[in-house]
Amino acid sequence: MDAKRLYFAALFAFIIVALFYGPISQPQEYHDFADDREILGIPNALDVMSNLAIIYPGVVGLAFVHESRKLSKVSEDEISIQITLFSGMILTFAGSVWFHLDPTDSTMLWDRLGMSVVIGSCISLLIHDMWDRNLAAKIHLPIVIASILSVLWWPVFDDLRVYFIVKHHPFILFPIFLFFGHRIYDKISGYYWGLSMFLLATMFEFADQQIFEITGIISGHTLKHISAGMGLWFLMIMIRDRKLISVEEE
């Protein structure tokens, strides 16, 4: 079975499970974070300030892309994917800060919109690096738009299923491309570390209260932001340091 067939089989399985599971609403208790301490007049201070871990790789990444463009190190199509990815990190920072200053569904929408740009860009980057870079150039913008629409589906239909399917796409694509795709760069460690840190961030998110009760200092949600930021940092470092090992025919 080739990568395309395996991908569509996995996607079909996800969709079938989602259809049988039924609509997923946003639990309102999610907004009751364990650490609501105010520091320097900032409510939910550590959950707000820990987002600095997310903006940092975005800013450094954009600076690197600017230098790469001046040196003509990579194609404009790849530059576009990278700009969207690193800009999405900055948008995620802004949305998450706003959300944690006033945790509600309406502010969470902006948090997820930023994340959807990062997710869509990661999907495009995986296709570019490990499958077909010409295809990635053609479908990058539609992928990002579809990712954004998956978030907008939620407030309209009170259903998170579409967003969850998109959110988990990198976890579907990476193992498929790892075994059935073909690499054009010498480094893929950023994908391993990035996805691992995102999984760890999810675990911290679910253990928000328990971790805060154990430590008395830091909550699971704060650690979630730090772990996610580390995952994005590993991804940025990989993009910055890797070298081309093969060139696909145009």
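Helix H4 (residues 76–101) and helix H5 (residues 105–130) pass each other in a left-handed crossing. This is a predicted model, in which local features need pLDDT of at least 70, side-chain atom pairs count only at pLDDT 80 or more, and totals for chains, interfaces and linings use all residues. Residues are numbered from 1 along each chain as its sequence is written, and side-chain values use heavy atoms, leaving out hydrogens and water.

**The H4 and H5 pair**
- The axes of H4 and H5 come within 7 Å and cross at roughly 160°.
- H4 is therefore roughly antiparallel to H5 (angles over 145 degrees count as such).
- Helices here are DSSP runs of H or I with at least four residues, numbered from the N terminus.

- Phenylalanine 14 sits in helix H1 (residues 3–21) and is partly exposed, at a relative accessible area of 33%.
- Buried means under 20% relative accessible area, exposed over 50%, and partly exposed in between, with a 1.4 Å probe and protein chains only.

- Leucine 40 is found in the loop between H1 and helix H2 (45–49), and has a positive phi of about 55° although it is not a glycine.
- Leucine 40 counts as exposed, at 80% relative accessibility.
- Asparagine 44 belongs to the loop between H1 and H2, and its phi is near 50°, a positive value in a residue other than glycine.
- Asparagine 44 counts as buried, at 12% relative accessibility.

Terms used:
Helix = DSSP H or I, 4+ residues; strand = E, 2+ residues; numbered from the N terminus. Axes fitted to C-alpha atoms, helices over the stretch in contact; angles between N-to-C directions. Parallel < 35°, antiparallel > 145°, perpendicular 65-115°, else oblique. Left-handed = near helix turned anticlockwise from the far one by under 90°.
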